Amino acid sequence: MPQRRAGRGPIHAAAAMLAAALVGLSTRPIAAAEPTYRRYTDAQGVVHVTPVRAVGAGGRREVEEMPGSGGEGAPKTAAAEAEPAAPRRDPQVEVAEALADERSRRWETHIRGAARLYQLPESLLRAVIHTESNYYPGAVSSTGAMGLTQLMPSTARFLGVQQPFDPRQSIYGGAKFLRLLANRFGGDMVLVAAGYFSGAGAVQKYGGVPPHPGVRAYVKAVLRRFYAYERLLQDGTGGASPARAIAGP
C-alpha cells in the first residue's frame with residue numbers, strides 16, 4: 001500500500017475534531033531518534049529502561065522490533081473484546097465512572113509512580129490502561145497481550161516484566177514502553193498511541209499511523225480518554241489545555 005506521511009492521515013483530522021480545537025496534533029514527519037537505551041535493575045528487582053545519549057541505532061532497532069498490543073490490523077483490545085457491542089459512550093462520563101470505581105483506584109499509586117518515573121502524563125497512562133484492559137489485571141486479548149497494559153510476551157520480556165499479570169509490573173512495563181515510543185517519535189502522542197497498539201515498526205513502515213481501521217479506532221479511543229482524564233484530573237477547573245505532545249526525559 002502507498003505510504004502515508006506522519007500527520008497526514010485521516011486519524012489526525014478525526015483527533016483534531018474530537019479535541020474541539022484544544023489540540024493541534026503535530027504534523028511533522030517522523031524524525032530519526034537520537035537516544036538509545038540502557039537497562040538497570042533497582043533494589044526491588046525492577047528492571048528499568050532509560051534513555052542515554054549515545055551513538056548507534058541498536059536501541060532504536062530493538063524498539064521497532066517490539067510488537068504492540070494488537071498488531072497492525074487487529075480490530076479490538078482485550079477490553080473491547082470483553083464488552084458487547086454498544087453505541088459509543090461520552091468519554092467524559094466513561095472516565096468519570098472509571099475514576100470513581102474501586103477497580104481503578106486500587107492501582108493509583110502504581111500509575112502515579114510510573115508516570116513520574118518515566119516522565120509521562122498520568123492521563124495518558126490511564127487512557128492506555130482504560131482502553132487496553134478497562135483496569136482488569138487478568139485481561140488477555142485474542143492476540144495474546146496480557147495484563148493491565150496488555151503487553152505482548154516478547155515486549156514484556158524486553159522490558160523486564162517477568163509477571164505480566166502482576167499489576168505493578170504491568171503498569172511500570174507499559175509506562176516504559178510508552179516512554180521508549182515517545183523518545184522514538186519525538187513525543188507525538190498520535191504516533192505513540194499507534195505504536196503502542198501496532199508496534200513502532202509498523203508506524204515506521206507506513207510513515208505514520210498504519211492505514212488499518214483497528215489502529216485508527218484505537219488511537220481515537222486513547223485520545224478521547226486522554227483529554228477526558230486531563231479535564232477531570234484538573235477537578236473541572238478548566239486549567240491549561242492538555243499537552244499536545246509528551247515531553248522528553
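The expected span of a helix is 1.5 Å times one less than its number of residues. I kept that beside me while going through this predicted model, where local features need pLDDT of at least 70, side-chain atom pairs count only at pLDDT 80 or more, and totals for chains, interfaces and linings use all residues. Residues are numbered from 1 along each chain as its sequence is written, and side-chain values use heavy atoms, with hydrogens and water left out.

**Helix 12**

I started with helix 12, residues 213-233. Helices here are DSSP runs of H or I with at least four residues, numbered from the N terminus. Helix 12 has 21 residues and reaches 30 Å from first C-alpha to last, close to the 30 Å expected at 1.5 Å a residue. Then I checked burial, where buried means under 20% relative accessible area, exposed over 50% and partly exposed in between, with a 1.4 Å probe and protein chains only.

**Just before it**

Gly 208 sits in the loop between helix 11 (200-206) and helix 12. I read 0% relative accessibility for Gly 208, so it counts as buried. Leu 191 is 17 residues from Gly 208 in sequence, yet their C-alpha atoms are 6.6 Å apart.

**Helix 6 against helix 9**

Two packed helices are described by the angle between their axes and the distance between the axes. I looked up both for helix 6 (residues 108-117) and helix 9 (residues 167-184): the axes come within 9 Å and cross at roughly 30°. Axes are lines fitted to C-alpha atoms over the stretch in contact, with angles from 0 to 180 degrees between N-to-C directions. That makes helix 6 roughly parallel to helix 9 (angles under 35 degrees count as such). Which residues of the two helices make the contact? With contact meaning heavy atoms within 4.5 Å, I noted His 110, Ile 111, Gly 113, Ala 114 and Leu 117 from helix 6, and Arg 168, Ile 171, Tyr 172 and Ala 175 from helix 9.

**Positive phi**

Most residues other than glycine have a negative phi. I found Gln 119 with a positive phi of about 50°, although it is not a glycine. Gln 119 is in the loop between helix 6 and helix 7 (122-133), and is partly exposed at 41% relative accessible area. Asn 134 also went into my notes, with a positive phi near 55°. I placed Asn 134 in the loop between helix 7 and helix 8 (153-158). Buried or exposed? Asn 134 is buried, at 16% relative accessible area.

Conventions: Angles under 35 degrees count as roughly parallel, over 145 as roughly antiparallel, 65 to 115 as roughly perpendicular and the rest as oblique.
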